[in-house]
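Please read this briefing alongside the sequence and the three-dimensional model. The topics are an interface between two chains and the surroundings of one residue.

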There are 2 protein chains.
Amino acid sequence: MNLSSCKYSVGVDIGGTNITVALVNMQGRIIREIKYSTDIKMEVSLFVKQLADKLAEVIMNVPVKFIMGIGIGAAGLIDHEKGSIKYSPNMYKKNVPLLDLLKTAMRKLNVNGLAELPVFLENDANVAAWGAYQLEVESRVKDLICITLGTGVGGGIIIGGEIYHGVAGCAGEIGHMTVEPDGPKCSCGNHGCLESYIGAGNIVNRAIAEIKKGKSTMLKKIAGGNLNRLTVKDIAEAAKKNDKLAKKIWDETGEYLGKTVASVINLINPEVIVFCGGVSHAGSLFLIPMKKVIVERSFVSHRKAVKYIISRLSNNLGVVGAALLVRQINDKKK
Amino acid sequence: MNLSSCKYSVGVDIGGTNITVALVNMQGRIIREIKYSTDIKMEVSLFVKQLADKLAEVIMNVPVKFIMGIGIGAAGLIDHEKGSIKYSPNMYKKNVPLLDLLKTAMRKLNVNGLAELPVFLENDANVAAWGAYQLEVESRVKDLICITLGTGVGGGIIIGGEIYHGVAGCAGEIGHMTVEPDGPKCSCGNHGCLESYIGAGNIVNRAIAEIKKGKSTMLKKIAGGNLNRLTVKDIAEAAKKNDKLAKKIWDETGEYLGKTVASVINLINPEVIVFCGGVSHAGSLFLIPMKKVIVERSFVSHRKAVKYIISRLSNNLGVVGAALLVRQINDKKK
């Protein structure tokens, strides 16, 4: 590392399954990364203590003067102005003042300069959208939508080169747009949300339901007698090997996504839609049926204008976007 | 009129049923108004000739130096940069270069100064949104969504105090978001669009279908033996008189609208939603069932943040918004 000529920021991605803490350079490259499991039952005080420890670890041996700050992306409804988590379907209590607690924990650590670093909190899909905006589209593109396909289904919106927050700071909940009004109950209370069909666990659940109907599939063998061990990755691999049931699951995944995205396209007329997150690795398995539905359900002028991108950074888009956001916030303050 | 102390602009609203041409002052007040029926079979050359005549008529005796320009709102997919109508479900051919044709017609008229006035074309829901933004919300509000409930169902989006156009210039097609994926075929080609349930004609069609099932209702008497004569206004009046069938039609109208608006709220997290157009006069008949569905289908943080307004200007919101847009475009050029 040539510390004299470059600067860094730290990105944190708090997901439903893993937490990633990374030292990122100004080009969006991860220099050092720490990943650990999310323990959704952990006390908030322990959670912030653990996070502060990881932050100290990730910047070890890098003089704090070369670090611009810390950006955190977290799943759920975030108050980015107050730095608190209002509600998260996957984790913690309601109304957690995360930044205040984290700063206290950072001060207690007594690591030289750590507690003085500015820290920002954003929704995880918003930081992913920011990462996509910085690294995955041509520089002339100023508007985009980023759809995170993981445990949950989220969305981040960039308009005019800025994160669009909405009045309460929680725009972009694409996963909780209704696809089928009479569909299954979602964790949010609504029925037939997109997430209730294509959240990672729900993709697996749809496959399990089909298997239980007695359909023949290689997934049974892959699961080795325990269907609960099945993953989205297993279903993607089986589909690539032409397993009929697995292909059907991905076709349906694309169709549910297509119904929602067609409505989003008719409403927002976006230039670029970026997909990221674990489920996005399935790529054409859902993209092809998705596009077919979009042709049926959106205006030709709208759908011809939009470009679909599967993020190269994918699972790292959030953590890198969170780090790069620090740079933008600092630039704005100048 | 004290012409020395004020300025005017001209607004035009080209709807599926009527065309309104109005001289509007800078406070958004209509000074003079001409209304005539839309003839959807009229040749484009005749249509622009007629419109040029009405423009000359509406500014009669007002020196052109006091008129800032002409703003036109038209239903359909509009290219506001080129000044052309790409597609309109209700009228004309495809790809009509409206502004070019109109300017030629204005020149031919040889009315002193008329042909020199700047003319702008916008989508009708966008100009309505602009009118709402200028006249119907508190000045601190910078983001809003305007939903036009008429022959068609449209939407205009204001973000950061500007019309949000989308990349192809045609954002806001709320009427063509899917409510029921297996619903009836819509004029746009999709199935189960919001408009296919709550466009004015489709509200009436749903009532007629119920009447034909033999349901008892005062609408039969109102129609006087010819169900095709029924209007949305008739159904609203019957509902106000507690007619069960009419109330059911409005409940369903509110429910369809609520399903779509809940998705829009979760996605955009808007501060204000303004309803305008003929159907919006039904007010609480659809607002109450709409809000009930929104409570079931949107996040509490999102729905608590939004305020619903039925436009006071309603049918005139488009023509006034189109006129006021001229002022904004002129201000920007300065």
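The points below take up the interface first and the single residue second.

This is a predicted model, in which local features need pLDDT of at least 70 and side-chain atom pairs count only at pLDDT 80 or more, while totals for chains, interfaces and linings use all residues. Residues are numbered from 1 along each chain as its sequence is written, chains are lettered from A and ligands numbered from 1 in the order in which they are written, and side-chain values use heavy atoms, with hydrogens and water left out.

**Interface of chains A and B**
- Between them, chain A and chain B bury about 3400 Å², 61% of it on carbon and sulfur atoms, where buried area is the accessible area (1.4 Å probe) that two parts lose on being put together, summed over both.
- On the chain A side, A:L267, A:R297 and A:F299 lose the most area to chain B, and together they account for 21% of what that side buries.
- Contact (heavy atoms within 4.5 Å) links 42 residues of chain A with 42 residues of chain B.

- A:E271 lies in the loop between α8 (244-268) and β11 (272-276) of chain A, helices (H or I, at least four residues) and strands (E, at least two) being DSSP runs numbered from the N terminus.
- With a relative accessible area of 15%, A:E271 is buried, a term for values under 20%, with exposed over 50% and partly exposed in between (1.4 Å probe, protein chains only).
- Leaving aside residues up to four places away in sequence, A:E271 touches several residues, including A:R140, A:D143, A:K307 and, from the other chain, B:V167.
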